[in-house]
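Here is a short note for a colleague opening this entry for the first time. Please keep the sequence and the model side by side.

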Amino acid sequence: SSCVNRTMLLEVLTLAELSIEQIVITPESIREGDLVGVRVYVRNSGQEEASSISVRCQNGNNLIAIRSISILQPGELGGVTCDWLVSQSGLNTISVEVDRANEVSEGDENNNIQSVSVEVLDSNSDKTSSSDSIEATTVWIATFIGLAIIIGLFTILAPGKIKKLD
């Protein structure tokens, strides 16, 4: 009979696993020149905590912002907001990349990029919203009419001229 003796060394490695869960852009109706919030939700679905997580937001080749999440525990969801000043109308592609420098060790590095397309209206297009601003000429006309009414009421309601009695 023979006997075989084997020694196995098993090394178990737990890693963080970052992924972009959702990109929310508010408001829904965007015009050229608007300041828009791009909210990015990042989840750590791994077994290890992740720290110093960079989130990079871009519009095409133009950098919008780079934000950071200090720490995400396993299973935790974190969020950052990139403020985007819209510079061109038409179809814009917002791309978000998490951990671009690969500072966080992950099992899958290929799920760190996500993109979303946004339609931006021209700033000169028809204004259909009831919350649109009032034009400056309308404000000036209303101000002059209001002042004329106040002066007229003051003239009518003011006491008469004071006379000296002998």
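1. Ground rules. This is a predicted model, in which local features need pLDDT of at least 70, side-chain atom pairs count only at pLDDT 80 or more, and totals for chains, interfaces and linings use all residues. Residues are numbered from 1 along each chain as its sequence is written, and side-chain values use heavy atoms, with hydrogens and water left out.

2. Make-up. The order is β-β-β-β-β-β-β-β-α.

3. Overall shape. The C-alpha trace spans about 145 × 45 × 20 Å along its principal axes. Of the 166 residues, 25% count as buried (under 20% relative accessible area, 1.4 Å probe, protein chains only).

4. Strand β4. β4 (residues 50–59) runs antiparallel to β5 (residues 62–72), with nine bridges. Strands pair if DSSP finds at least two bridges between them. Ser-54 has Ser-68 in β5 as its bridge partner. Two residues separate β4 and β5 in a hairpin, and Gly-60 in the turn has a positive phi of about 65 degrees. Five bridges also join β4 to β7 (residues 90–98), again antiparallel. There, Cys-57 stands opposite Val-96.

5. Glu-17. Where is Glu-17 found? Glu-17 lies in the segment before β1 (18–26). Glu-17 is buried but has no salt bridge (a side-chain nitrogen of Lys or Arg within 4 Å of a carboxyl oxygen of Asp or Glu). The nearest side chain of opposite charge, Arg-43, is 12 Å away.

Notes: Helix = DSSP H or I, 4+ residues; strand = E, 2+ residues; numbered from the N terminus. Buried < 20%, exposed > 50% of the residue type's maximum accessible area, 1.4 Å probe, protein only. Lys, Arg positive; Asp, Glu negative; His and termini not counted.
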